[in-house]
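Let's work through a few exercises on charged side chains. Grab a pencil and take each one step by step.

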Amino acid sequence: MDENTSMIPSLSRYDDWRHAVAHFRAVAATLVFYGLAWAILVAAPPASAGPPSIVTPVPLRDLDTLIAQTERGVLVAMASWCGPCKAELPHLVKLHKHYHGQGLALYGVSVDFAGAQAMQPMVNRFGVEFPVYWVGEAGVERYGLNPIPMLVFIQNGRVVDRLQGAHSEEELRTIFDNFLTPREP
């Protein structure tokens, strides 16, 4: 090797290193910005959605009145800690928009023992627009809301059916279509 050639980069290339570090920082900042923007968009409800419902504690007598006044509706029994409830809720939110205009009322019923505030983050996350009521443990006992998730079908003020477990969007669509189909007496 001659004197002018070395395996160690020379300090005269200091400006090249500064340029490379500045470029790296700019690329990293851009990636962080777009990553955060993507995370916000994914977590946010669709732009067309209205404000999410406020989980409202209700006395059981008020829920009795609601059921008695419901022509065709479904109570959706759920809890914030319930994995299957979280899986089913986005489907119900989407289907609510479709079936609301066809006369089907959806009502969320939170059975969280920790109170209404336990369900609110989940309602916000999924952009739930149908009313959500908190009934807690007393509601579980009175209405037999165990296990969850559970759909309780109401027709002309009476409970006519119950369906346990989480369902896909396609299954729910078929279930709701069948429920809304007029039956011969």
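This is a predicted model: local features need pLDDT of at least 70, side-chain atom pairs count only at pLDDT 80 or more; totals for chains, interfaces and linings use all residues.

**Exercise 1.** Find out which residue forms a salt bridge with Asp64, and where the two partners sit.

*Solution.* 
- Start with the background: side chains of opposite charge can pair when their charged atoms come close.
- Now look at Asp64: its partner is Arg142, with the closest N and O atoms 2.9 Å apart. The cut-off is 4 Å, so this pair counts as a salt bridge.

**Exercise 2.** Work out whether Glu169 and Lys94 are buried, partly exposed or exposed.

*Solution.* 
- Glu169 has a relative accessible area of 15%. Buried means under 20%, so Glu169 is buried.
- Lys94 comes out at 48%, so Lys94 is partly exposed.
- These two form a salt bridge as well, with their closest N and O atoms 3.2 Å apart.

**Exercise 3.** Trace the network of salt bridges that includes Glu169.

*Solution.* 
- One link is the salt bridge between Glu169 and Lys94.
- Another is the salt bridge between Arg173 and Glu169, at 3.2 Å from N to O. Arg173 and Glu169 are 4 residues apart in helix H6, which means about one helical turn separates them.
- Put together, Lys94, Glu169 and Arg173 are linked in a network.

Note on methods
Residues are numbered from 1 along each chain as its sequence is written. Side-chain values use heavy atoms; hydrogens and water are left out. A salt bridge is a side-chain nitrogen of Lys or Arg within 4 Å of a carboxyl oxygen of Asp or Glu. Helices (H or I, at least four residues) and strands (E, at least two) are DSSP runs, numbered from the N terminus. Buried means under 20% relative accessible area, exposed over 50%, partly exposed in between (1.4 Å probe, protein chains only).
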